[in-house]
Every structure is written in C-alpha cells, then in structure tokens.
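Here are my notes on this model, point by point. Please read them with the structure open.

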Amino acid sequence: CIPDRTNLCSNLSLATQAVQTKSTSSSNIPFSLETLTLDGYFSFENTHHAAKDFGNTNHFHPSAILYPKSVSDIFSTIKHIFNMGSTSALTVAARGHGHSLQGQSQAHQGVVIYMQSLKEPRMKIHTGELPFVDVSGGELWINILHETLKYGLSPMSWTDYLYLSVGGTLSNAGISGQAFHHGPQINNVYQLEVVTGKGEVVTCSEKQNADLFHGVLGGLGQFGIITRARISLGPAPKMVKWIRVLYSEFSIFSRDQEHLISIENSFDYIEGFVIINRTGLLNNWRSSFNPKDPLLASQFNSDGKILYCLEMAIYFNPDENNIMNQKTESLLSELSYIPSTLFLSEVSYMDFLNRVHLSEIKLRAKGLWEVPHPWLNLLIPKSKISKFAQEVFGNILKDNSNGPILIYPVNKSKWNNKTTFVTPDEDIFYLVAFLSSAMPSSTGKDGLEHIMTQNQKILNFCAAADLGIKQYLPHYHTQEEWRDHFGPHWELFVKRKSTYDPLAILAPGQRIFHKAI
Ligand code: FAD
C-alpha cells in the first residue's frame with residue numbers, strides 16, 4: 001500500500017451488498033451540524049422527499065437536508081463531517097434534480113445537499129472566440145438553454161430531457177443525439193470548481209488539477225461535489241428540421257445509422273428507437289410530423305411488426321432554408337428506409353431540445369410520471385449489436401415493451417478517455433436505453449417485477465454471450481461487479497477515491513464504497 005492506499009485500506013470498506021435499510025432513524029440525527037454558521041440552512045424535518053427519485057424504487061431516508069446558499073455552506077458541512085472522522089457514520093449526497101433511478105442521489109441517515117438552492121455563481125455568459133457559460137453545479141440545463149439563447153449561443157451536447165442538473169449529468173456523461181459529433185456533455189466542459197470529500201475547494205481543468213477534473217467527469221459523484229462548471233458554447237440555430245423514417249430490417253437500420261455518424265457534414269442529431277407491437281403508429285406521429293407522401297403513408301401498416309425508427313435533425317436559420325433542404329434531400333438519398341414512412345417537421349430549436357418536457361406534461365396529467373421507472377441503459381459494441389438486437393428484440397422483448405427503447409451509435413473518438421467514464425472497447429458503440437414505466441401494484445406484464453425480470457434476462461444474455469457491454473448510469477450490488485465495470489481503470493478509480501474522499505463520505509447512494517466507522 002502506498003500512503004494514500006494505506007489510508008484507503010483502513011478507512012474504506014468496499015460495499016459488498018446494499019446494506020441500507022429503508023427506515024428513518026431518530027437516533028442518528030446529526031445535531032452537531034446545527035453548530036455550523038451557514039448562509040443557507042439545514043432541515044431535520046420533512047426529509048422524506050430526499051428519499052425519492054425518478055426511479056421510485058429505492059427510498060433511503062436522510063437525517064438532514066442542507067439547502068446551501070453558498071459554496072462555503074457546502075465545504076463547511078463536508079469539512080465538519082470529515083473532521084469527525086470515523087467516529088461519525090454521516091455521509092453526504094449531492095442531489096441535483098433527483099432524477100436518478102436507484103437511489104444514487106440519496107444518503108441513508110446522512111446529509112442530502114439540495115444543489116438547486118446554491119445560487120452562486122450567477123449564470124454568466126462569456127462571448128468571444130471560445131464562448132462559455134459559468135453556472136452553478138445545481139443549475140438545470142433548461143435554464144442554461146433559456147439564458148444562452150439570449151446571446152444567440154447554446155451548449156452543443158445535450159441530454160434528451162433538460163430538467164436535469166449540470167452536476168448530475170456531468171457525474172454520469174450526458175448523452176444524446178449530438179454525442180456522435182460533439183461527444184457527451186463531459187467532453188464539453190472547460191473548468192470545474194469542486195468541493196472534495198475532505199472539504200477542500202479546488203478549481204480544476206485540463207491544465208490545472210487535471211486528475212481531479214478527469215476524475216469528477218463521469219465520476220458518479222465519488223470524488224467531489226461540483227459547485228461550478230464552465231461549459232463551452234457555440235452558435236445557436238433558430239430552427240430544426242426534424243425527420244423520422246422507419247425500417248423493418250435491423251441490419252439496414254443500423255448500417256444507415258453508422259453511415260450517418262461516420263460522414264462529414266452529416267445531420268446535427270441522430271438517434272433511433274425500436275417499436276414493438278404498436279398499432280396506428282404513423283397516425284400518432286401526425287400530430288407533430290407531416291408525411292412526405294400522405295397517400296403512401298396512409299397505406300403503411302405497422303401492426304404486429306418490430307420496426308426501427310431512425311430519427312434525425314438538422315439545424316438551420318430561416319435564411320438558410322434552401323441549403324438546408326438540399327442537404328436534407330442529399331443525406332436522405334443515401335439511406336434505405338421504407339419510402340412511405342418519411343415524416344418531417346420544422347420546430348424551433350428550443351422546442352426541439354425541450355421535446356421530452358411535452359411528454360412529461362401529458363404523463364403528469366395522467367398520473368403516470370411518478371410511477372416506478374425500472375430503466376436499463378446499456379452501451380453495446382458495434383460488432384455485437386446485431387446479436388444483441390436479435391435476442392433482445394426478437395426474443396426477450398418480442399411481444400411487448402413498457403416504454404420507449406432508444407438505440408443509436410456514437411463515435412468513441414469523440415470521448416475523452418481520461419475521464420472516469422468507461423466505454424466498450426470499440427470505435428463505435430451503441431447506447432440502448434430501455435425506458436420502462438411500471439404500473440403501481442400491477443402483477444402483470446406492465447408490473448415492476450415482470451420488467452425487472454426482463455431487465456435481468458437482458459443482462460444475463462449479455463454476460464453469457466460475452467458481448468463486452470457497459471452499463472450507463474450503472475447500478476451494481478457487489479464490489480466484484482464494480483471492479484468488472486471499471487476493468488483496468490478500477491485501480492485508478494480506487495486511488496482517486498483515496499485521494500479525494502478517503503473516508504468515503506460522498507455519494508453513498510452509488511453503493512461503491514461504504515464508510516467505515
Ligand atoms: P441526481 O439524480 O440528483 O444525481 C445523480 C448522481 O450525481 C448522484 O450520485 C448525485 O449524488 C450526484 N450529483 C448530483 N449533483 C452533483 C454535483 N453537483 N456534484 C457531484 N455529484 C453530484 N441521461 C443522459 O445521459 N441522456 C439522456 O438523454 C437522459 N435522459 C433522461 C430523461 C429522464 C426523464 C430522466 C429521468 C433521466 C435522463 N437521463 C439522461 C439520466 C440523467 O442524466 C441522470 O439520471 C442524472 O443523474 C440526472 O440528473 P440529476 O441532476 O437529477 O442528478
């Protein structure tokens with residue numbers, strides 16, 4: 001053991017099981033926190049909302065919630081807990097917007113920091129040759145979009161849904177249809193301010209404290225709390241041409257997707273999804289898309305088939321209409337989709353990026369947003385994607401799915417391999433996201449148990465067929481699984497933990513390390 005390692009060996013015990021229980025304990029209320037002088041405040045009552053997330057299947061009750069007003073509130077709290085050493089079991093979870101799936105932003109009997117109440121720094125946009133915006137780690141991406149658009153600027157890489165926090169997505173990756181070109185969100189950050197697990201405030205970038213910078217990006221909150229991020233910006237377009245086409249053959253669909261992400265001057269956004277057993281599909285699209293050929297489209301029958309939808313978008317300004325149309329025609333002419341299924345739409349850039357919010361509003365109105373979400377997100381190497389599709393779409397899920405299934409390839413060359421994030425070991429890999437919703441108390445095919453069994457079947461198949469996949473937004477139960485996930489990067493991961501959070505105070509909800517007391 002090197003010195004840091006010795007520290008680690010004695011202070012950290014690696015989680016071998018999910019040991020947390022689901023009750024609130026009054027015996028462990030961290031009264032000593034009340035002695036801290038803060039700009040914000042602690043709440044020791046009404047903490048139940050911090051024991052809930054979007055996944056809605058894990059509920060770990062904290063002892064306290066910190067509503068920080070300043071970075072000093074965060075480092076004072078962490079420093080205080082760090083100084084208590086292993087006499088205290090207190091852990092700390094930053095909560096961005098709580099859109100985790102398995103309790104990752106929760107802290108059993110610990111302290112949850114509501115990052116959205118951190119109001120410093122105020123969002124500040126810097127124009128010029130390399131424009132950027134400085135934002136608080138708790139800022140939501142939707143607010144960044146609104147603000148930067150006022151300057152004709154925008155971040156380049158997004159997630160499909162914008163009511164997520166900067167700290168939350170940068171702790172994972174932040175992947176959407178722009179990632180094939182711009183890389184994930186963790187590749188589009190110039191600088192971070194981080195409060196480590198020792199209560200130190202550190203500014204880091206590619207050039208300054210680079211190890212912490214790379215560690216924190218995709219670092220699952222293990223090495224520090226992001227209190228400020230400097231995000232790169234580019235020119236924002238005004239409009240988006242949004243296109244959908246269908247395929248019935250997976251091999252042709254994936255060939256076209258891979259073609260589009262490999263050429264110069266391609267679309268600005270490329271995604272895709274799988275459609276299982278849906279009737280009247282194209283009719284549903286008509287509310288927001290227009291068929292290129294209405295007569296042919298009306299004759300298309302989607303019933304009972306597995307179909308693959310390629311979704312593309314091209315950005316433009318109103319005075320570039322002709323060039324945009326020519327480019328669209330030219331790119332579409334290189335594809336082999338079912339001709340009658342070409343659907344097009346034109347929307348504002350804001351409406352395009354904020355598209356999932358419309359679904360959220362509809363689902364909330366029906367009481368279907370707050371249901372359990374047993375999501376499974378996988379990264380699959382290109383060479384294994386057809387085998388995966390054959391078994392998963394053709395067998396495991398052949399009759400039904402309980403929500404959208406996204407599938408699209410990205411280029412590994414656009415990912416910075418120095419960050420903590422691990423990808424499959426091939427130049428192109430696919431993101432496949434099973435975004436299921438479970439009906440509360442159902443014991444049928446739309447129930448939580450059935451969906452979780454299907455997810456497990458998918459994972460078992462991937463392991464048995466040795467597909468070399470990685471989980472995105474990973475969730476494991478044992479140290480062995482985490483080791484496998486990080487592979488050769490595990491040693492570095494553990495070393496960084498021992499350097500920046502030697503007592504394992506931070507992000508206990510990831511269940512990688514367990515604070516020793
Ligand atoms: P939280 O759930 O609050 O936190 C996630 C983790 O990060 C926790 O471990 C937490 O402790 C830690 N954390 C939070 N803030 C900080 C901080 N400031 N510093 C350090 N650690 C911190 N992901 C994609 O990549 N692409 C998508 O298209 C996409 N779409 C989604 C759509 C929906 C409807 C939902 C619910 C999720 C989606 N996600 C997507 C997943 C999303 O990126 C992650 O769940 C993300 O963690 C959620 O952000 P959050 O701010 O709610 O994080």
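1. Two terms come up first. Two strands pair if DSSP finds at least two bridges between them. Helices (H or I, at least four residues) and strands (E, at least two) are DSSP runs, numbered from the N terminus. With that in place, Phe273 stands opposite Leu406 in β19. The pairing of β14 with strand β19 (residues 405-411) is antiparallel and has two bridges.

2. Some ground rules. This is a predicted model, in which local features need pLDDT of at least 70, side-chain atom pairs count only at pLDDT 80 or more, and totals for chains, interfaces and linings use all residues. Residues are numbered from 1 along each chain as its sequence is written.

3. Which other strand pairs with β14 (residues 269-276)? Strand β16 (residues 306-316) does, in the antiparallel sense, over eight bridges. Within this pairing, Ile276 stands opposite Ile306 in β16.

4. Now the ligand. Its shell holds 36 residues, and the closest are Gly96, His99, Ser165, Gly167 and Gly168. A residue is near the molecule if its C-beta atom, placed from the backbone, lies within 6 Å of it. β4 (92-95), α4 (166-170) and β11 (224-232) are the elements that each give two or more residues to this shell.

5. What is the shell made of, by class? There are 13 nonpolar, 20 polar and three charged residues. Ala, Val, Leu, Ile, Met, Phe, Trp, Tyr, Cys and Pro count as nonpolar; Asp, Glu, Lys and Arg count as charged; the others, Gly among them, count as polar.

6. The shell takes at least three residues from each of domain 1 (3-114 + 477-515) and domain 2 (124-235). These bounds come from an automatic or database domain assignment.

7. An unreviewed UniProt entry annotates residues 58-236 as "domain: FAD-binding PCMH-type". Such annotations may be inferred rather than shown by experiment. Over residues 58-236 the chain is 21% helix and 26% strand, with the end C-alpha atoms 39 Å apart.

8. Check the backbone at Pro121. A cis peptide bond joins Glu120 to Pro121, with omega about -5 degrees. Pro121 sits in the loop between β5 (111-114) and β6 (124-126).

9. Two residues other than glycine have positive phi. Ser441 has a phi of about 60 degrees and lies in the loop between β20 (428-434) and α14 (448-464). Ala507 has a phi near 45 degrees and lies in the loop between α16 (490-500) and β22 (513-515).

10. Are Ser441 and Ala507 buried or exposed? A residue is buried if 20 or more other C-beta atoms, placed from the backbone, lie within 10 Å of its own, exposed if 12 or fewer, and partly exposed in between. Ser441 counts as exposed because it has 7 C-beta neighbours inside 10 Å. Ala507 counts as buried because it has 27.
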